[in-house]
Amino acid sequence: MYAVQKTDEEWKQQLTPEQYNVLRKQGTERAFTGKYWDLKAAGTYHCAACGQPLFSSETKFDSGTGWPSFWQPITPGAVDTHEDKGWFMVRTEVVCSRCGSHLGHVFDDGPPPTGLRYCMNSVALDFRPK
């Protein structure tokens, strides 16, 4: 059970159609089209649905994938992960631990020190400069 819970209709009213598709229906944006994939500014990335801080710009790196990528969340409990068997493969889905919104996926091909790549959708994030 998540701390922030809303009906489907409430999410549709709050979010843009693209945000709703990604955050609530596990969609994805096309690579190299999101507003944060190549952003280099210092600050914090928050959940676009509930505002919870998720990632720091200090852990962001250029993965070459076309999506914002981070090697760890801002705090250990900021995100939850679940097995995702969609698209004919098994991946690890990343969701906001506060509202359960889909953010992207995590892979084990990232840089040190964690070796992880949290591959997020820009539309699922809200950047707040330092």
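This is a predicted model: local features need pLDDT of at least 70, side-chain atom pairs count only at pLDDT 80 or more; totals for chains, interfaces and linings use all residues.
H82 stands opposite E93 in β6.

The strands β5 and β6 run antiparallel and are joined by 6 bridges. They are part of an open sheet of 6 strands. The order is β3-β4-β8-β7-β6-β5, and the pairing is antiparallel. Where does the sheet end? β3 (60–61) and β5 (79–84) stand at the edges. Each has a single partner strand, so one side of each is left without a neighbour in the sheet. In general, strands of a sheet pair through backbone hydrogen bonds, either parallel or antiparallel.

Two pairings involve β8. Strand β4 (residues 69–70) is joined to β8 by 2 bridges, and the two run antiparallel. β7 is joined to β8 by 4 bridges, again antiparallel. Specific partners can be named. S69 has C119 as its bridge partner in β8. G104 stands opposite M120 in β8.

The side chains of β8 split by direction. R117 and C119 point one way, Y118 and M120 the other way. Buried or exposed? All of them are buried.

UniProt places the feature "active site" at C119, in an unreviewed entry. This cysteine lies in strand β8. C119 has a relative accessible area of 10% and is buried; the cut-off for that class is under 20%. Which residues does C119 touch, not counting those up to four places away in sequence? They are T65, W67, P68, S69, L103, G104, H105 and F107.

G104, one of these contacts, lies in strand β7. G104 counts as buried, at 2% relative accessibility. Leaving aside neighbours within four places in sequence, G104 is in contact with T92, E93, V94, C119, M120 and N121. G104 and L23 are 81 residues apart in sequence, yet their C-alpha atoms are 8.9 Å apart in space.

C47 lies in strand β1 (residues 43–47). C47 is buried, at 2% relative accessible area. Beyond its neighbours within four places in sequence, C47 is in contact with Q52, L54, C96, C99, S101 and A124.

C96 lies in strand β6 (residues 91–96). C96 is buried too, with a relative accessible area of 0%. Residues up to four places away aside, C96 touches Y2, C47, C50, Q52, L54, A78, S101 and L103.

| Residue | Strand | Relative accessible area |
|---|---|---|
| C47 | β1 | 2% |
| C96 | β6 | 0% |
| G104 | β7 | 2% |
| C119 | β8 | 10% |

## Pocket and cavity

Rolling a probe the size of a water molecule over the atoms shows where empty space is left. The largest pocket has a volume of about 300 Å³. It is lined by 14 residues, and the closest to its centre are T28, W67, R91, H105 and N121. Which elements give two or more residues to this lining? They are β7 (102–107) and β8 (117–120). β7 supplies the largest share, 4 residues. By class, the pocket lining has 5 nonpolar, 7 polar and 2 charged residues.

Links to C119 follow. W67 and H105, among the residues closest to the pocket centre, are both touched by C119.

How many cavities of 30 Å³ or more does the structure hold? There is 1. The largest cavity has about 40 Å³ of space. Its lining consists of W37, F61, D62, S63, G64, T65, G66, W67 and S69. By class, that lining has 3 nonpolar, 5 polar and 1 charged residues. T65, W67 and S69 line the cavity and are also contacts of C119.

Methods:
Residues are numbered from 1 along each chain as its sequence is written. Side-chain values use heavy atoms; hydrogens and water are left out. On a 1 Å grid over the protein atoms alone, a cavity is a set of points where a 1.4 Å probe fits but cannot get out, and a pocket is an open set with protein on both sides within 12 Å along at least five of seven lines; lining residues have an atom within 4 Å of a point. Grid points are joined across faces, edges and corners, and a volume is the space filled by probe spheres set on the points. Ala, Val, Leu, Ile, Met, Phe, Trp, Tyr, Cys and Pro count as nonpolar, Asp, Glu, Lys and Arg as charged, and the others, Gly among them, as polar. Buried means under 20% relative accessible area, exposed over 50%, partly exposed in between (1.4 Å probe, protein chains only). Contact means heavy atoms within 4.5 Å. Two strands pair if DSSP finds at least two bridges between them. UniProt positions are given in the numbering used here, feature names are shortened, and annotations may be inferred rather than shown by experiment.
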